[in-house]
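Please look through the sequence and the model shown here with an eye to pockets, nonpolar cores and charged pairs.

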Amino acid sequence: MPEKQFPSRPNLEQYRKQAKELARACALGDAESLERIRIFHPRPSTKLITLADAQLVIAREYGLDNWPTFAREIECILLTESLHSIHDPIAAFLIAASVSREGDHASGTLETAEAIRARLPQVARANIYTAAVLGDEAGVRDFLAKNAGLAKAKGGVYEWDAVTYLCFSRYLCIDKGRGEAFVRTARALLDAGASAQTGWHETIDYLNPRQIIESAIYGAAGLAQNAELTRLLLERGADPNDEETPYHLPEGYDNSVMKVMLESGKLNEQSKCWLLVRKADWHDENGMQLALEHEANPKMMPRWGRNA
């Protein structure tokens, strides 16, 4: 039985402060604090007690092996608590299952989406958008059989079409083993009349605000780095020459998606230049060579003012 029990809404920041206070008290020779170290630290010592030592002791007082496990436990408690107050679980699931629209699109995990799905499994096939964000081919085909117009219809919490939810799915980005299912699901939507030239608009450069397209091809190629989905979208008419796709596609050292993009013949001179410069940023000689083989111009200046 743990020495201590969590409250209903534990605050990790408060526990961080407690750990600092414990370490400080030990440094001052506080007998009660040193006794906590003796009881709960696996290698107790009366010498200098670090912050990491204090965090470990607090975690073990709650019956957990280490501080990272302790922090994750608090996250789980707060997540479980928050699920009870969800008024629109379908909207909450779509938000959790889609890439972040604030900050880094590649950030985040599937924990919240999976927690919602575990508690309310019916959200997975609540509509064509939840089915698409999961890469659920059978579910999407069922919806299309009842109403083929859903292939193009916009809806869900973000008012996106199903292809956009699919291409900006956190499941697509994180759960690489399900990549083929997403390709099959996308094909079902495109065969039913969905557009590959789709996406959503985002405002950037807040000092001089302007909108750019966050295209489906950017989600598939730049974020998820899924070669076959990228190939499918290109074959069905997606234009990769936006501000996001050629900039983010080169981030990494697996050039398989970039090869698909270059071999499609759809990249314009500017986009090839961006690929080359960004590969130089990554010090990826193989990627730079690939771009050069497809006639990227090393002398061309991208808009951020530094050529390859």
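The paragraphs below take up the pockets, then the cores, then the salt bridges.

The model is predicted, so local features are reported only at pLDDT of at least 70 and side-chain atom pairs only at pLDDT 80 or more, whereas totals for chains, interfaces and linings use all residues. Numbering runs from 1 along each chain as its sequence is written, and side-chain values use heavy atoms, with hydrogens and water left out.

The largest pocket has a volume of about 410 Å³. A pocket here is an open set of points, on a 1 Å grid over the protein atoms alone, where a 1.4 Å probe fits and protein lies on both sides within 12 Å along at least five of seven lines, and its lining residues have an atom within 4 Å of a point; a volume is the space filled by probe spheres set on the points, which are joined across faces, edges and corners. Of the 25 residues in the lining of the largest pocket, Asp104, His105, Tyr218, Leu223 and His248 lie nearest its centre. At least two lining residues come from each of α10 (170–174), β3 (199–204), β4 (210–215), α12 (216–223) and α14 (245–248), where helices (H or I, at least four residues) and strands (E, at least two) are DSSP runs numbered from the N terminus. The lining comprises 10 nonpolar, 7 polar and 8 charged residues, with Ala, Val, Leu, Ile, Met, Phe, Trp, Tyr, Cys and Pro counted as nonpolar, Asp, Glu, Lys and Arg as charged, and the others, Gly among them, as polar.

The second largest pocket holds about 200 Å³ of space, and its lining includes Glu75, Cys76, Ile95, Thr112 and Arg170. Two or more residues of this lining come from each of α4 (67–83), α5 (89–97) and α6 (111–119).

In soluble globular proteins, nonpolar side chains tend to be buried together. The largest nonpolar core has 66 residues, among which Phe93, Cys167, Leu189, Leu229 and Leu233 touch the most other members, and α12 gives the most to this core, with 6 residues. Such a core is a set of buried Ala, Val, Leu, Ile, Met, Phe, Trp, Tyr and Cys residues joined through side-chain atoms within 4.5 Å, where buried means under 20% relative accessible area, exposed over 50%, and partly exposed in between (1.4 Å probe, protein chains only). Beyond its neighbours within four places in sequence, Leu189 is in contact with residues including Ile128, Val140, Leu144 and Ala194, contact meaning heavy atoms within 4.5 Å.

Which residues does Thr198 touch, not counting those up to four places away in sequence? They are Asp161, Val163, Thr164, Ser215 and Ala216. Thr198 is found in the loop between α11 (179–191) and β3 and is buried, at a relative accessible area of 11%.

The structure holds 17 salt bridges, each a side-chain nitrogen of Lys or Arg within 4 Å of a carboxyl oxygen of Asp or Glu. Glu114 and Arg117 form one of them (2.9 Å, N to O); because these two residues are 3 apart in helix α6, they are separated by about one helical turn. Asp136 pairs with Arg125, with their closest N and O atoms 2.7 Å apart, and this pair links distant parts of the chain, 11 residues apart. Asp136 counts as buried at 16% relative accessibility, whereas Arg125 is partly exposed at 43%. Lys4, Arg36 and Glu61 are linked in a network of salt bridges.
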